[in-house]
Amino acid sequence: MSRYFKAKIINNLPLNSKNHLLSIEPLEQVINPEPGQFYMIEVGNSYDPLLKRPFSYFRKTEEGIQFLYTIKGKGTSLMKDFKQGRIININGPLGTGYPKPEKGYTPLLVAGGIGIASIFSLTETFAKKALILYGARNKDEIFVLNELKALTDELIISTDDGSLGEKGTVIDVLNDFLTRQSSLATRHLLYACGPKPMLEAISKIATDNGIKGYVSLEENMACGFGACLGCAVKTINGYKRVCKEGPVFSMEEIIW
Amino acid sequence: MDIKGYVRKGRYFRWKKLYGRGMDLAVNIGHLKLKNPVMTASGTFGYGEEYSEFVELNMLGAVVIKGISLKPMEGNPSPRICETPCGMLNSIGLQNIGLKRFLKEKLPYLKKFDTRLIVNILGNTPQEYVKLSKSLDDVSVDGIELNVSCPNVKKGGIILGTNKKALARLISKIRQSVKKAIVITKLSPNVSNIQEFSKIAEDAGSDAVSLINTIPGMAIDIETWKPKLANITGGLSGPAIKPIAVRMVWEAHNAVKIPIIGIGGIMNAEDAIEFMLAGATAIEVGTANFVNPKATIEIINGIEAYLKKRDMLDVKELIGGLNATESHNNLND
Ligand SMILES: Cc1cc2nc3c(=O)[nH]c(=O)nc-3n(C[C@H](O)[C@H](O)[C@H](O)COP(=O)(O)O)c2cc1C
Ligand code: FES
């Protein structure tokens, strides 16, 4: 079994003008992914772009391993043209995912935008126990809504423009939610994935409220498996590799 | 061709050797014999263990370790890397665990493998280079590669590698204090005349030169007007630099007798062979390892297949094989 494998594109569905759902079927025996891990995906077959691109593991279905991605640069622009049947090289699963749930805590999952891909991989671990706060710019950018509803009894959707759920950012929602929790009877454990400023804000809220938690970070990556030291993030214990010790870190550890 | 054909062409014995005993992929760097010419480039292969699940380390000609300094170095702020056309920029800033921890935590693992172990070193001062070389020689590493060409640090590195007198003095000092290991000087492409610097290394007692290190470069995000690297500038590597590297290897080959180790944008066996034809005795694979962690093994297999296809028995026949009297251009291929 190898982490470096060939896979066939099963499907590459546009979800809206910017986001796609990619399904791949490994052509070899592969290692099972853990929630929060990621894969390095080959996006072209020339030297430009040269490097593989990292994508969070989203979920596994009969369609194969799935990824949600946003078209934002050279690499993802090529990916959107991936045709069914194409064979690509993939490296993964990579990195250290979310730690196993701790007893006595209620998991509070916070996803911003495409960060839902990583957070979604976690929902099944918690079955119905998790609370999920999920925010995006507008309703077109809210994905897997029905699946989420089925996976949790407590889901709060928010959009910046109010086109779905509450109007505002997921940070506003988190603040509201925590003020409403007057009693300290429930001890929450945060799991967050989204844009870096959002994660920074959430970490601050967590500290202010005495809550512990984890964030899943992104950084430019060349290798994805700990060799190049290109993906360093500053922590209270020195630089750490987002691709190896991360992408999931405990919030207290990161120096923002 | 049938057997008679081979006999007629005087190639019968070569043919017999080829199929009877297998071909010879071994090359020599100074007194050090490598089982094949494929090495890893410093800084792209971690401390070896990062690749253990992708690569059978025993198959490699040599493993070259990430630049080690006397004291641990924490490296540069992020972003440290970005992609550019057919290449990448990095400004890692030589993050490494330092000599002491290397000897304690990484060396025992690396010693388990039947491959040559070469440690790339970087000092702030000539004294530090000497100290590092001595300590590594004492623990019997096979070779020491002097990084006098890193563009991403303020002291040592490229400053030493682009100053002729300082470089000559540094190499002779190290040569005197190293007893068993071979000494490889890794040259910077950032000099106007690579022949001069190769010659300096040779005259000062270097067993080999390796070239090239990354080429200083820069990229800007035109939306934010910010540099793409926190360090602003970085070192360019990957296929984009290959023609420059091949040219420099060719020039060095024409200037010195010591072996040359070719580095720069080697992605596959064809690239490796090109470097050898230009005069390289061995090659180092860098950025390709990030793209395909099994690149080194594929390159070894590819070189072997190439030799087989051409009925060649010895990889050393490639070294400096360039036929410079004629040219073949690929624009019409
Ligand atoms: C991420 C990265 C880190 C590197 N670190 C070192 C180093 O520590 N010491 C060194 O001598 N060269 C270092 N190099 C340079 C490479 O060893 C090599 O000379 C250069 O990348 C060109 O080869 P390539 O195009 O095959 O990558 C580094 C290169 C990269 C891309
Ligand atoms: S991407 Fe290479 S070390 Fe993390």
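Is Lys204(A) buried, partly exposed or exposed, and how many C-beta neighbours does Lys204(A) have inside 10 Å? The legends below take up this residue and several other close-up views. The model is predicted, and local features are described where pLDDT is at least 70, side-chain atom pairs count only at pLDDT 80 or more, and totals for chains, interfaces and linings use all residues. Residues are numbered from 1 along each chain as its sequence is written, while chains are lettered from A and ligands numbered from 1 in the order in which they are written.

**View 1. Lys204(A) in a helix of chain A.** Lys204(A) belongs to helix H5 (residues 196-208) of chain A, where helices (H or I, at least four residues) and strands (E, at least two) are DSSP runs numbered from the N terminus. Lys204(A) counts as partly exposed because it has 13 C-beta neighbours inside 10 Å; a residue is buried if 20 or more other C-beta atoms lie within 10 Å of its own, exposed if 12 or fewer, and partly exposed in between, with C-beta atoms placed from the backbone. Between Lys204(A) and Met79(A) there are 125 residues of separation in sequence and 35 Å in space, taken from C-alpha to C-alpha.

**View 2. The two domains of chain A.** Chain A is divided into domain 1 (4-94) and domain 2 (106-253), with bounds that come from an automatic or database domain assignment. The C-alpha centres of these two domains of chain A are 22 Å apart. Where they touch, 19 residues of domain 1 of chain A are in contact with 18 residues of domain 2 of chain A, and two residues are in contact if their C-beta atoms, placed from the backbone, lie within 7 Å. On the domain 1 side, the elements that give two or more residues are strands S3 (38-41), S4 (53-56), S6 (64-70) and S7 (87-94) of chain A, and S6(A) gives the most, with three residues. This side of domain 1 of chain A has 11 nonpolar, six polar and two charged residues, where Ala, Val, Leu, Ile, Met, Phe, Trp, Tyr, Cys and Pro count as nonpolar, Asp, Glu, Lys and Arg as charged, and the others, Gly among them, as polar.

**View 3. Where chain B touches chain A.** The contact takes 29 residues from chain B and 23 residues from chain A. On the side of chain B, strand S5 (81-84), strand S6 (87-90) and helix H10 (288-291) are the elements that give two or more residues. By class, this side of chain B has 14 nonpolar, nine polar and six charged residues.

View 4. Leaving aside neighbours within four places in sequence, Ile283(B) is in contact with residues including Pro37(B), Met39(B), Ile261(B) and Phe275(B).

**View 5. Helices H8 and H9 of chain B.** The axes of helix H8 (residues 242-253) and helix H9 (residues 269-278) of chain B come within 8 Å and cross at roughly 25 degrees; axes are lines fitted to C-alpha atoms, for helices over the stretch in contact, and angles run from 0 to 180 degrees between N-to-C directions. H8(B) and H9(B) are therefore roughly parallel to each other, a term for angles under 35 degrees. Lys242(B), Val246(B), Val249(B), Trp250(B) and His253(B) of H8(B) meet Asp271(B), Glu274(B), Phe275(B) and Ala278(B) of H9(B). The contact of H8(B) with H9(B) has five nonpolar, one polar and three charged residues.

**View 6. Phe197(B) and its surroundings.** Phe197(B) lies in helix H7 (residues 194-203) of chain B, and it counts as buried because it has 28 C-beta neighbours inside 10 Å. Leaving aside its neighbours within four places in sequence, Phe197(B) is in contact with Leu167(B), Leu187(B) and Val191(B).

**View 7. Backbone details in loops.** The peptide bond from Asp48(A) to Pro49(A) is cis, with omega near 0 degrees, and Pro49(A) is found in the loop between S3 and S4 of chain A. Ile232(B), a residue other than glycine, has a positive phi near 70 degrees.

Key
Parallel < 35°, antiparallel > 145°, perpendicular 65-115°, else oblique.
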